Amino acid sequence: MRYVLVFITFAFGQSCSHKPLAFSSTSVPSAPDYSRPESWAALPKRTDAADKVPNGDLEDSQADAEADVFFLHPTTFTGKANSWNASVADEKLNEKTDRTTILYQASIFNGAGKVYAPRYRQAHLSSFSSADKTKAKAALDLAYADVQKSFEYYLEHYNQRRPVIIAAHSQGALHAKKLLKDYFDKQDLQRRLVVAYVVGWPVFETEFQELPPCKTPDQTGCICSWRTFKHGYLPPKYPTGDSIIVVNPLSWETDQRFVSRDYHKGAVLRNFNKIFPKIVDAQIHEGVLWAHKPKFPGSFLFNRKNYHIADFNFYYLDVRENARRRVASFWKRH
């Protein structure tokens, strides 16, 4: 059972009956100051959860990395609340974020680049299901305003014109799409984009003018995206269709051929220090990624059809190695 519990902590896909109070100027938490280290969940010159690596031959290579990673975490603001947006000063929530998504997702990228992960006033989970679309949008807009501010601070004070990977999941991926539109698509910064892993949120091919889907493992300046569901299942409440960008995280191609678990490099589940190789397959189908139910200790309890919570972690080592590969490819071409 303990191997299954980690999925619950990522929280975005779980139901939540609680609705936050009305969004108003009096309920907005204070804006983060990105000149302060505590406004970041991960910084490369500070010890944090993004520095961790599973046991084995993996290394935290941030000290000598030739690229940066700007990581946007998914929704961890899920419980009872009196505001539509989280406070970045909420120590309990920050600890939850660090021990879940920063440890289990952001750490994927410490072999490819220096990891920067801002805290932001994320919208509450119920923003995605609330009937009050106006206030829900306001909450998400506020969250994105922080993402913009953090990215601009990163560019001015940290980046030093280095190549950058954008990596994000779920709510973070929603914000990452906007960030790519505002700062990369048909702009000078596009030349410094190694790759964007925009995972757990639909990305339509028509959303960008010059940022294409990644169609080979070595391609740079492109977008990798997928949303994982049990093989044979098409979600009725989520967008589907071939106009959605989906890249297979085992082949790193966009065709619909089935890729068996024999090509799976490794998942990281509840025990962060253990890698599970050859347990997950992958196949693109109508705008989603299909995977047969993986087998791991306690997997008999993992009976959901929506694998969103494991979008990154099922393919932990595959993404990690691909990020390194694309950075190397970027420098060969530049």
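Student: In which sense do β7 and strand β11 pair, parallel or antiparallel?

Tutor: The model is a predicted one. In this model, three bridges connect β7 with strand β11, which covers residues 288-291. One of the facing pairs is K230 with its bridge partner A291 in β11. The sense in which β7 and β11 pair is parallel.

Student: Which strands form the edges of the open sheet of three strands?

Tutor: The order in this open sheet is β7-β11-β10, and its pairing is mixed. From one strand to the next, the twist averages 45 degrees. An edge strand here pairs on one side only, and this applies to β7 (228-230) and β10 (283-285). The edge strands are therefore β7 and β10.

Student: Why is strand β5 described as largely enclosed by the rest of the structure?

Tutor: A residue is called buried when its relative accessible area is under 20%. Strand β5 spans residues 193-199, and its burial can be counted residue by residue. The strand is largely enclosed because the buried residues number seven of the seven.

Student: How many bridges join strand β4 to β5?

Tutor: Strand β4 covers residues 164-169 and runs parallel to β5. Within this pairing, I165 is placed opposite V195 of β5. The number of bridges joining β4 to β5 is six.

Student: What is the handedness of the β-α-β unit made by β4, helix α4 and β5?

Tutor: Helix α4, residues 171-183, belongs to this unit together with the strands β4 and β5. The two strands run parallel. The unit of β4, α4 and β5 is right-handed.

Student: Which residue in β6 is the bridge partner of V195?

Tutor: Strand β6 comprises residues 222-224 and runs parallel to β5, with three bridges between them. In β6, the bridge partner of V195 is C222.

Student: Which cysteine does a disulfide join to C222?

Tutor: A disulfide is a covalent bond between the sulfur atoms of two cysteines. The count for this model is one disulfide, and its S to S distance is 2.1 Å. The link has 95 degrees about the S-S bond and is right-handed. The cysteine joined to C222 is C214.

Student: How far is the nearest cysteine sulfur from that of C224, which is in no disulfide?

Tutor: Two cysteine sulfur atoms must be within 2.5 Å to count as a disulfide. For C224, the nearest cysteine sulfur is that of C214, a residue joined to C222 by a disulfide. The distance from C224 to that sulfur is 3.5 Å.

Student: Is C224 buried or exposed?

Tutor: Both C214 and C222 are buried. The relative accessibility of C224 is 0%, and the limit for burial is under 20%. C224 therefore counts as buried.

Student: Which helix gives the largest share of the lining of the largest cavity?

Tutor: Rolling a probe the size of a water molecule over the atoms shows where empty space is left. The model has one cavity of 30 Å³ or more, and the largest cavity has a volume of about 60 Å³. Its lining residues include A41, H73, R119, Y120 and Q122. The largest share of the lining, three residues, comes from residues 91-104, which form helix α2.

Student: What is the phi of Q160, and where does Q160 lie?

Tutor: Q160 is found in the loop between α3 (133-159) and β4. At 65% relative accessibility, Q160 counts as exposed. Although Q160 is not a glycine, its phi is positive, at about 55 degrees.

Student: Is R161 buried or exposed?

Tutor: R161 lies in the loop between α3 and β4. Its phi is near 65 degrees, which is a positive value in a residue other than glycine. Since the relative accessible area of R161 is 64%, R161 is exposed.

Student: What separation is found between the C-alpha atoms of L142 and L155?

Tutor: L142 is found in helix α3, and at 17% relative accessibility L142 counts as buried. Along the chain, L142 and L155 are 13 residues apart. The separation of their C-alpha atoms is 20 Å.

Conventions
Residues are numbered from 1 along each chain as its sequence is written. This is a predicted model: local features need pLDDT of at least 70, side-chain atom pairs count only at pLDDT 80 or more; totals for chains, interfaces and linings use all residues. Side-chain values use heavy atoms; hydrogens and water are left out. Buried means under 20% relative accessible area, exposed over 50%, partly exposed in between (1.4 Å probe, protein chains only). Helices (H or I, at least four residues) and strands (E, at least two) are DSSP runs, numbered from the N terminus. A crossover is right-handed if, with the strands pointing away from the viewer, the path from the first strand over the helix to the second runs clockwise. Axes are lines fitted to C-alpha atoms, for helices over the stretch in contact, and angles run from 0 to 180 degrees between N-to-C directions. On a 1 Å grid over the protein atoms alone, a cavity is a set of points where a 1.4 Å probe fits but cannot get out, and a pocket is an open set with protein on both sides within 12 Å along at least five of seven lines; lining residues have an atom within 4 Å of a point. Grid points are joined across faces, edges and corners, and a volume is the space filled by probe spheres set on the points.
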